[in-house]
Amino acid sequence: MLEPSKSTDSSGMAEFGYAQTLDRSIGKFASFAAGVSYISILTGVFQLFYFGFSMAGPAYAWSWPIVFVGQLMVALCFAELAGRYPVAGSVYNWAKQLSSSTFAWLAGWLLLISSMVALGAVALALQLTLPQIWSGFQIIGDGTGTYDFALNGVLLASIMITISTLINAFGVKLMTKINSIGVFVELAAAVLLILALGWHVVRGPEVLFSTAGYGEGHDLGFFGVFLIGAMASGYVMYGFDTASSLGEETKDPKKTAPKAILRAITASFILGGLILLGGLLAAPDLNDPKLGSADGGLQYIVLSVLGGPFGKAFLACIVVAVFVCTLAVHAAAIRMMFAMARDNNLPFSRQLSKVHPERKTPTVAAIVIGVIAIIPLVVNVSQPAIFTILSSISIVLIYLSYLLVTVPLLRRRFLKKWPLSDETHGKAGFSLGKWGLPVNILAVLWGGAMTLNLIWPRPEIYNSVPPFEWYLQWGGVIFVTAVTVIGVLMYRLKLRHHTGVLAGHAAGSPEAPAAPSAPAHAAALIQPVPAAAATAAVAVPAADQEVMDGAR
């Protein structure tokens, strides 16, 4: 069905109009590990099990395969794009090839904002696990005070983000080496945990069909609470595009990145699904209220079933998973900021796009993202409801940014303008062939449905704890609308008038580092500019120019 086509190693960036400024050192496993660590099944499944279970009980586990099938459709579209455009800030650069400059910028803007918020949310997961391993990790108070739990979580998360900033700023080689080791530990722990839970199974799989007591009183019955519980799966299975966002630093990216994307989401689905199943079948008592509480959940099941030493060993592996997930989310956010900044599409673009001459990494972007990610954490101390809204909306923004790629890709398929000819950007490393249209249609339908489910102003998501205010319940809609409108206005009124590849990053620029000569077909993509100009314009394929002019 899906045969990756043969291609040469298109390692140079000149064919895309850019100079090679980042360090191309990532191999096949490291590329796969980047996608796996962003999804991070041990982080997501353990962090959100309690929420899904509290909403829909054991049957919430059915959301896992449903979300996988939907996200697989998106991942297949992304794999096809990664086989042609393995460029930093993948979603932004893909949208740039497929639609107008405004929509491309909006895709990057939404994903950048969501990544910075998600970075803090992921790091907060340490509070759910570390104090259960050793009470000494509850540094502030004993966890029972009004603000003890939240404030300690902010402290642990801030320390984690600081460490991630230092590692990502030092260079991609160190980051990928640590990340690969962490992912190996996470995968090994997941397999062992599945076997251990399987050994302690106390009930049959029929429990997955049990809906007793759940959905009573909801307008839509069990279906209504299942839609809410499904977010526990929807909040986990994304970020697989990270493998392509690191494409400029990957060896033979047109073949490596697509495979890494598909392997990452498939491995995460299999292992995460088996952990969910094992936990539900091995739990001593499914009526225990601890299973649906933030300080219990799947961690509580593991400790109860496996006992102190073994249970805590697995919880330590969860901490490793949170660590590498933080690294991966941070790394992806850095590449997005760098990609937009080198196109002069962000304030202070020159500083944000600077690449350290020795470490070959966007150091300034790494630091800025680390600082910004810590700021919203402070809100969590006294207003956890607001931070919950921000965390939820960060996922909505990710699904929206994905739609800004899959929708224009589908439009091009209907207009018979996809795939682009091999003469445009070289031969693709992966192709969906005749399956492209049905897969793309399903990806768009899924993305739209999931976005609607995520942003739906329900009190269970956006106002689950007092005070119960209308603006909190509608916080998702308000926040997404504000971020989108502000972003579009900022771009249309200011940034688009300066858009263009900064001189130090343009292929052929005297300020750029030496790079291999570009293929003959790439020459038309690089437009010369006057020597006095501060930037070099990004060339736009002729087929896209009319669309972009109309958007302006």
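Helices (H or I, at least four residues) and strands (E, at least two) are DSSP runs, numbered from the N terminus. The expected span of a helix is 1.5 Å times one less than its number of residues. Keep both in mind for the first stop.

**Before you start**

This is a predicted model, where local features need pLDDT of at least 70, side-chain atom pairs count only at pLDDT 80 or more, and totals for chains, interfaces and linings use all residues. Residues are numbered from 1 along each chain as its sequence is written, and side-chain values use heavy atoms, with hydrogens and water left out.

**Stop 1: helix α1**

Select residues 28-39. This is helix α1, with 12 residues. From first C-alpha to last, α1 reaches 17 Å, close to the 16 Å expected at 1.5 Å a residue.

Now check its cover. Buried means under 20% relative accessible area, exposed over 50%, and partly exposed in between (1.4 Å probe, protein chains only). In α1, 10 of the 12 residues are buried, so the helix is mostly covered. Among them are F32, V36, Y38 and I39. Step just past the end of α1 to S40, which takes a positive phi of about 45°.

**Stop 2: the whole chain**

Zoom out. The protein chain has 24 helices and two strands. Of its 552 residues, 60% count as buried.

Show the surface. Accessible areas come from the Shrake-Rupley method with a 1.4 Å probe; for residues, only the protein chains shown count as cover. The accessible surface of the protein chain comes to about 21,400 Å². Carbon and sulfur atoms hold 69% of that surface.

Next, think about contacts, meaning heavy atoms within 4.5 Å.

**Stop 3: salt bridges**

Side chains of opposite charge can pair when their charged atoms come close. A salt bridge is a side-chain nitrogen of Lys or Arg within 4 Å of a carboxyl oxygen of Asp or Glu. By this rule the count comes to seven. Visit three of these pairs.

Select K254 and E15. Their side chains meet in a salt bridge at 3.1 Å, N to O. The pair links distant parts of the chain, 239 residues apart. K254 sits in helix α12, while E15 is in the segment before α1. Are K254 and E15 buried or exposed? Both K254 and E15 are buried.

Select D343 and K96. This salt bridge spans 2.7 Å, N to O. Again the pair links distant parts of the chain, here 247 residues apart. D343 lies in the loop between α14 (308-342) and α15 (349-352). K96 belongs to helix α4 (residues 90-98). D343 counts as buried because its relative accessibility is 1%. K96 is buried too, with a relative accessible area of 15%.

Select D252 and K255. Their side chains meet at 3.4 Å, N to O. D252 counts as buried, at 17% relative accessibility. K255 counts as partly exposed, at 28%.

**Stop 4: helix α12**

Select residues 253-282, the run of helix α12. α12 has 30 residues and reaches 42 Å from its first C-alpha to its last. That is close to the 44 Å expected. α12 is mostly covered, with 21 of its 30 residues buried.

**Stop 5: a loop residue**

Find S210, in the loop between α8 (172-199) and α9 (221-229). Its relative accessibility is 29%, so S210 counts as partly exposed. Which residues does S210 touch, not counting those up to four places away in sequence? S210 touches P58 and A59. S210 and A56 are 154 residues apart in sequence, and 9.4 Å apart in space, C-alpha to C-alpha.

**Stop 6: a nonpolar patch**

Select F414, L437, I441, L442 and L445. Together they make a nonpolar surface patch of about 460 Å². Patches are made of residues with over 30% relative accessible area and no salt bridge: like charges are joined within 9 Å, nonpolar side chains (Val, Leu, Ile, Met, Phe, Trp, Tyr) within 5 Å.

Which helix gives the most to the nonpolar patch? Helix α20 (residues 436-455) does, with four residues. L445 lies in α20. L445 is exposed, with a relative accessible area of 57%.

**Stop 7: helix α23**

Select residues 475-493. Helix α23 has 19 residues and reaches 26 Å from its first C-alpha to its last, close to the 27 Å expected. Color its buried residues: G475, G476, V480, V483, G487 and Y491. Look down the axis of α23. The buried residues fall within an arc of 125° (taken from the directions from the helix axis to the C-beta atoms), so they line one face of the helix. Turn to the face away from the buried side. There you find the exposed residues I486 and L493.
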